[in-house]
Amino acid sequence: ELTEEFGKFESLILDCEKLQYISSSGLRVLIMVQKKLQPQNIPFTIINCSSTIREILSMSGFDKILNIQ
């Protein structure tokens, strides 16, 4: 469960350099984090995604919702 702890951050960066696979549960967590941070104007950025992870994010439409660099 996501807590109010996010309010302590100025931004959140998720480094996916070593991520080889992401399930639907993992995608759900990314959306939950985005929904929690957005009202607090806390930027959430995902970096260093492999081409496989980028393809999954693109096919699911998450590339339009999340800040992926």
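Modeller: The conversation below goes from the overall fold to single residues.

Modeller: This is a predicted model, in which local features need pLDDT of at least 70, side-chain atom pairs count only at pLDDT 80 or more, and totals for chains, interfaces and linings use all residues. Residues are numbered from 1 along each chain as its sequence is written, and side-chain values use heavy atoms, with hydrogens and water left out.

Biologist: How many helices and strands does the protein chain have?

Modeller: The protein chain has two helices and three strands, and their order along the sequence is β-α-β-α-β. Helices (H or I, at least four residues) and strands (E, at least two) are DSSP runs, numbered from the N terminus.

Biologist: Which way do strand 1 and strand 2 pair?

Modeller: Strand 1, residues 12-15, pairs with strand 2 in the parallel sense over four bridges. Two strands pair if DSSP finds at least two bridges between them. Within this pairing, Leu14 stands opposite Ile46 of strand 2.

Biologist: And what joins strand 2 to strand 3?

Modeller: Two bridges join them, and strand 3 (residues 67-68) runs parallel to strand 2. Here Ile46 has Ile68 as its bridge partner in strand 3.

Biologist: What kind of unit do strand 1, helix 1 and strand 2 make?

Modeller: They make a right-handed β-α-β unit. A crossover is right-handed if, with the strands pointing away from the viewer, the path from the first strand over the helix to the second runs clockwise. Strand 2, helix 2 and strand 3 make a right-handed β-α-β unit as well.

Biologist: Changing topic, what share of the residues is buried?

Modeller: Of the 69 residues in the protein chain, 28% are buried. Buried means under 20% relative accessible area, exposed over 50%, and partly exposed in between (1.4 Å probe, protein chains only).

Biologist: Which residues have the most contacts inside the largest nonpolar core?

Modeller: That core has 16 residues, and those with the most contacts inside it are Leu30, Phe44, Ile46, Cys49, Leu57 and Leu66. Helix 1 (24-37), strand 2 (44-47) and helix 2 (51-59) each give two or more residues to this core. Its largest share, five residues, comes from helix 1. A nonpolar core is a set of buried Ala, Val, Leu, Ile, Met, Phe, Trp, Tyr and Cys residues joined through side-chain atoms within 4.5 Å.

Biologist: How many disulfides does the structure hold?

Modeller: The structure holds zero disulfides. Cys16 is in none, and the nearest cysteine sulfur, that of Cys49, is 4.2 Å away. A disulfide is a pair of cysteine sulfur atoms within 2.5 Å.

Biologist: Is Cys16 buried or exposed?

Modeller: Cys16 is buried, with a relative accessible area of 7%. Cys49 also counts as buried, at 11% relative accessibility.

Biologist: What does Cys49 touch, leaving out residues up to four places away in sequence?

Modeller: With those left out, Cys49 touches Cys16, Arg54, Leu57 and Ile68. Contact means heavy atoms within 4.5 Å.

Biologist: Where is Gln34, and what about Thr45?

Modeller: Gln34 lies in helix 1 and counts as buried at 13% relative accessibility. Not counting residues up to four places away in sequence, Gln34 touches Phe44, Ile65 and Leu66. Thr45 is found in strand 2 and counts as buried at 12% relative accessibility. Apart from neighbours within four places in sequence, Thr45 is in contact with Leu12, Ile13, Leu14, Asn67 and Gln69.
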